[in-house]
Amino acid sequence: IDQQGAVESGTRRKVKRLLSFQRYCHASRLLRGLVPHTPGSLHLLDDDYLGQAAHMLSKVGTWNFDIFLFDRLTNGNSLVTLMCHLFNVYGLIHHFQLDMVKLHRFLGMVQEDYHSQNPYHNAVHAADVTQAMYCYLKEPKLAEQLSPLDVFLGLMAAAAHDVDHPGVNQPFLIKTRHHLASLYQNTSVLESHHWRSTVGMLRESGLLSHLPANMSHDMEQQLGSLILATDISRQNEFMSTFREHLDNQDLDLQHAPHRHFILQISLKCADVCNPCRVWELSRQWSERVCEEFYRQGDLERKFDLEISPLCNQQADSVPAIQIGFISYIVEPLFEEWHRFTEPSPLSQTMMGHLHKNKARWSRLRHINNCQFDKVLPSLLLCPL
Ligand SMILES: [Zn+2]
């Protein structure tokens with residue numbers, strides 16, 4: 001037992017070192033004096049790129065918005081650029097009397113605190129979720145009812161909801177006894193960290209320091225409640241409350257707590273909306289998220305830990321993971337969202353993509369069982 005204990009603590013130390021090294025690499029960019037990008041750095045770009053990015057922003061509310069292209073055109077500043085644009089669109093800077101320098105500093109910190117090495121949980125995912133959130137905030141059912149505070153909190157929560165994500169999941173942090181797991185007592189470990197990090201950056205930037213203390217405190221709490229709602233292990237809880245409200249038709253969006261609940265649901269939808277996008281975008285997200293799972297599996301294999309579900313590249317194919325994710329999480333949630341929007345044109349578009357994409361993954365899984373490697377590349381590209 002002693003020996004086993006020694007091996008275990010040795011493994012724990014190695015994993016800790018590895019994760020802190022990843023963290024160090026990340027932090028060292030700051031130490032080397034590479035300051036976070038701000039939209040100010042756009043002037044370094046070709047006028048042509050700048051023009052194309054600006055043109056894309058004029059269509060930021062359309063569902064086939066290509067966030068990957070936008071991120072390239074803005075030189076990796078998609079999150080900061082998008083947030084500044086949306087804050088202007090809604091007049092939030094004027095409404096909350098925000099200091100532009102502080103706002104840029106805060107958004108730069110958030111963007112920089114995402115790990116660009118993560119295939120999935122990086123600043124482009126945050127920008128993608130923010131863009132989806134904007135589309136949902138514009139839904140006719142919601143738009144008229146939302147206060148500037150609702151919009152501000154919805155966009156802020158979307159932008160920051162995965163900040164400083166380590167690229168591994170909660171069970172991994174628990175079994176390697178990562179300090180975050182003990183700090184947050186093994187519950188909503190990552191989400192609590194995303195929220196507390198956001199609050200830290202809010203205070204460090206002083207973005208809300210001109211507001212009355214009770215108001216900024218309330219904003220921090222609401223941001224927490226929104227970000228914590230993205231914990232997928234609380235899915236059933238949110239689904240049954242949402243269903244109950246829709247069955248009873250008792251949602252009153254004049255009532256602030258009900259608006260907050262719908263903001264939680266909107267953020268949850270935005271966070272898992274990848275399979276509702278057009279195939280070419282959807283496929284890229286699928287590959288990225290599976291790549292991140294497989295990397296965790298490789299780490300677990302390397303340190304003789306049990307390989308987590310969905311993280312074994314040999315056993316869990318991309319199509320199989322996607323079909324499971326769509327069937328158990330995405331489809332049930334968007335069916336209720338569809339009902340809530342009564343259904344809106346956007347909602348119908350999303351359901352259309354969702355069903356087509358699911359069917360496409362099913363065909364790919366079938367082939368997967370036969371001769372995956374040979375036919376996959378051509379199948380991914382051809383129109384089905
Ligand atoms: Zn996310």
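Which residue does the UniProt annotation "active site" cover? Select H121: the annotation, from an unreviewed entry, covers that residue. UniProt positions are given in the numbering used here, feature names are shortened, and annotations may be inferred rather than shown by experiment.

Before you click on, two notes. Residues are numbered from 1 along each chain as its sequence is written. This is a predicted model, in which local features need pLDDT of at least 70, side-chain atom pairs count only at pLDDT 80 or more, and totals for chains, interfaces and linings use all residues.

**Stop one: H121.** You'll find H121 in the loop between α6 (100–113) and α7 (123–137). Helices here are DSSP runs (H or I, at least four residues), numbered from the N terminus. Is H121 buried or exposed? It counts as buried, because there are 24 C-beta neighbours inside 10 Å. The cut-offs: buried is 20 or more other C-beta atoms within 10 Å of the residue's own, exposed is 12 or fewer, and partly exposed is in between, with C-beta atoms placed from the backbone. Now show D162, H165, G167 and E292, which H121 touches, not counting residues up to four places away in sequence. Contact means that the two C-beta atoms, placed from the backbone, lie within 7 Å.

**Stop two: α7 against α15.** Colour α7 and helix α15 (residues 256–271); their axes come within 8 Å and cross at roughly 135 degrees. Axes are lines fitted to C-alpha atoms, for helices over the stretch in contact, with angles from 0 to 180 degrees between N-to-C directions. That angle makes α7 oblique to α15. (Under 35 degrees is roughly parallel, over 145 roughly antiparallel, 65 to 115 roughly perpendicular, and the rest oblique.) For the contact, pick V129, A132, M133 and Y136 of α7, then S266, L267, C269, A270 and D271 of α15.

**Stop three: α12 against α13.** Next, take helix α12 (residues 189–205) and helix α13 (residues 213–228), whose axes come within 9 Å and cross at roughly 150 degrees. So α12 is roughly antiparallel to α13. Residues that meet here include W195 and L202 in α12, and L223 and I227 in α13.

**Last stop: R365.** Jump to helix α18 (residues 345–381), where R365 lies. R365 counts as partly exposed because it has 17 C-beta neighbours inside 10 Å. Leaving aside neighbours within four places in sequence, R365 is in contact with S317, P319, A320 and I323.

Definitions and conventions:
Helices (H or I, at least four residues) and strands (E, at least two) are DSSP runs, numbered from the N terminus.
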